[in-house]
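Hello,

Here is the structure I promised to pass on to you. Please have a look at it first, and then read my notes below.

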Amino acid sequence: MNKINGFKAISLILVITFLSFGLLFYSCDSNNGSGTSITGFVLSGEEPIESAEVTLFSTGTPRGVELLGTGLTDDEGFFRIRFNLPPEDEAVLYVTAQSPILTLSQQTRVLISDSVRLATVLGRKPVDTEIVINERTTVATAYAMAQFFNEDEIDGPSPGLQNAADILIRLVELDTGDTTFFLNTFPNGGSTTTRGAFNSLANMLAACVRDENTCDTLFELATPPGGGTAPDNTLQAALNIAHFPWHNLEELFDFSLEEPVYGPSLDSTEEITAWILAIRYVGNGKELNGPGNTAFDAEGNAWIANNFVFRDNPLDVACGGDYVIKLTPTGEDAPGAPYKGGGLYGAGYGITLDTKNNVWIGNFAFQGEGCPFDPDARAQSVSKFSPNGNPLSPNTVGDDIGGLKGAGNTLFYPQGTVSDFEGNIWIASCSADHVTIFPGGDPEQAFVIQETDDSDETIVVAPFDVAIDTDGNAWVTGNETANVAKFDPDGNLIFNVSGDQAAEAGFKKPMGVATDTFGNAWVANSGFVTAPCDGNSVPGLLAFIVLTFDPDFMNPDASLIKVTSDGEAEPFKGGGMLMPWGIAVDGGSNIWLSNFDGQTVSYFCGEDTSKCPPGLETGDPIAPLGYFFNGLKRSTSVQIDPSGNVWATNNFEILAIPENPGGDAMVVFIGAASPVAAPLIGPPEPPQ
């Protein structure tokens, strides 16, 4: 061999050796940047998962999903990834672990198919630099980020994506993969089914991770209803269960018993109707008492109207709440919250954000029996707060009752309160049988809508709620007149669904109303509840609550009613509806109802059937039995945030007492709905 050929041979050997070493180094410890390093373990329970490729991504920026680095686990499940943090504060980091990838170059990647794919979400910087990826973190990822998966990637608009990532750490500890103190203790923990359901879901994945022969069973059970595509990995299986949690309930439970790695898990399905994950928020633990309704601001914070002042002793008399609650997406108090002043007292169902992000709250004067205040005097105003919680309406000082009464003092026991697109504030003055409008939010220009029929009778008696449609028209429910009326933006009557037409559609004691982008209004038709409209509301509500304790209690008149833009009405039933009160439309036009009895949130197919499971029509219940949750009490409101979480109020206790009947929590169904842009003015729209 001559010198030239010998040099070429040696060079070829060196190149091959270098490339081989480089490929090995890339697989074990990528160096896509030297700024930051993440280390961790990929585990199934305590067992290491060897030779899994771990991939770190960034999402939530204008550049979309970006690969930051990869690593390969060793025989102890350990990996390390070096990377550069993206500069944007809104960037969300997430990690997947799956079968190894053959790397021809950093731009050419060929996936070797495998059944195991695990994940976790680190959230925004600063991020944890020591993490564990396991079946629990995968379930948390699938549920918290349920509305942000696009095939294998996670992405979506701010702030919903970022808030969803924050909520994930309410479920799992990123550094250990264990369940959190929050999930393990009251008001969650053993007092609800969520921790058990969470561990049962993780056990379903563990069965597949530890024995590939069981994966086909999991994938078959997690195939979407109606002939959807079967998942081919554990992360997709968990995501499908999150999207269709009622599907194959019993069969999935049986499968969860195959490999009981995580506990405590569920030992039966007696207390669940779906594989939902619902958590309870109590703020600072000394503020929620009778939450009545919720409105979200642009950051996804929840502003909550609160009936009663909190009492340490639940048997003590509770007067009207004199503060508004503002919770972050993860359930903590926002800075300075709760906010007092502004004449606020005993808020009921009325709360809204206007076009300037100010918050308006109806002062209903809810109070427990034995409270010395005159409710009539305190139920004649609304309160207004700035986005940071400063009261913009007069405070109550002694006998000088604060709030904004408006020209002519037309407010009396206000309930539903909403803003329209022009910043006009519409208020259902429940006891006065009319709707009051503050044009442009100016109480000094207030005027009243009180239409009468040919017999000079008021057409809307006990107006309870107001909703604005795509054209700026206002829909108003009349609880005592069993109707819904539609008014144009100037307050002129367009039509009134009443009399024989309303009776044929089943109108009886309607409560909440919501609109969709198709011009429809949807009514929560309670069939039973006499709307609280005066100072005797607490005794009145307790009187019919007693009737629900009868084991034979039924409410056959409960329904969801759709009213089209031209006034055609159609009722729908099922879905676990027992006593619907609050109602919301999600970003996919599907319908959610809260129930004042039955501890269930109901979920129906809306106008856009492409957003429903195959085979369902408008008005069909998506969840056949609804979402029962033993941590939910008597609920008056359901609303959807920009992350797709469904917030329901625990308004009254199941065994409510007259002195202090209020419930003490918000219930959040994680990732259950199509996200809604906030603040909500008019029909819901998906976030952009």
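A word on naming before anything else: helices (H or I, at least four residues) and strands (E, at least two) are DSSP runs, numbered from the N terminus. This is a predicted model, in which local features need pLDDT of at least 70 and side-chain atom pairs count only at pLDDT 80 or more, while totals for chains, interfaces and linings use all residues. Residues are numbered from 1 along each chain as its sequence is written, and side-chain values use heavy atoms, with hydrogens and water left out.

Let me begin with the backbone. Pro 338 sits in the loop between strand E17 (323-327) and strand E18 (339-340), and the peptide bond that joins Ala 337 to Pro 338 is cis, with omega near 0 degrees. Most residues other than glycine have a negative phi, and most peptide bonds are trans.

Two non-glycine residues with positive phi may also interest you. Ser 51 has a phi of about 60 degrees and lies in the loop between strand E3 (47-48) and strand E4 (53-59). Asp 433 has a phi near 60 degrees and is placed in the loop between strand E23 (425-429) and strand E24 (434-438). For exposure, buried means under 20% relative accessible area, exposed over 50%, and partly exposed in between (1.4 Å probe, protein chains only). Ser 51 is partly exposed at 33%, and Asp 433 is partly exposed at 22%.

On a 1 Å grid over the protein atoms alone, a cavity is a set of points where a 1.4 Å probe fits but cannot get out, and a pocket is an open set with protein on both sides within 12 Å along at least five of seven lines; lining residues have an atom within 4 Å of a point. Grid points are joined across faces, edges and corners, and a volume is the space filled by probe spheres set on the points.

The largest pocket has a volume of about 780 Å³. It is lined by 37 residues, and Ala 146, Gln 147, His 243, Lys 611 and Ser 674 are the closest to its centre. Helix H7 (residues 234-243) gives the largest share of this lining, five residues.

There are seven cavities of 30 Å³ or more in the whole structure. The largest cavity has a volume of about 480 Å³, and among its 34 lining residues Thr 294, Val 418, Gln 639, Leu 680 and Gly 682 lie nearest the centre. Elements that give two or more residues to this lining include strand E15 (291-296), strand E22 (414-419) and strand E30 (510-515).

E30 is worth a look of its own: six of its six residues are buried. E30 pairs with strand E31 (residues 521-525) in the antiparallel sense over four bridges (two strands pair if DSSP finds at least two bridges between them). Val 513 has Val 523 in E31 as its bridge partner. The two strands E30 and E31 form a hairpin with five residues between them, and Gly 519 in the turn has a positive phi of about 90 degrees.

Best wishes
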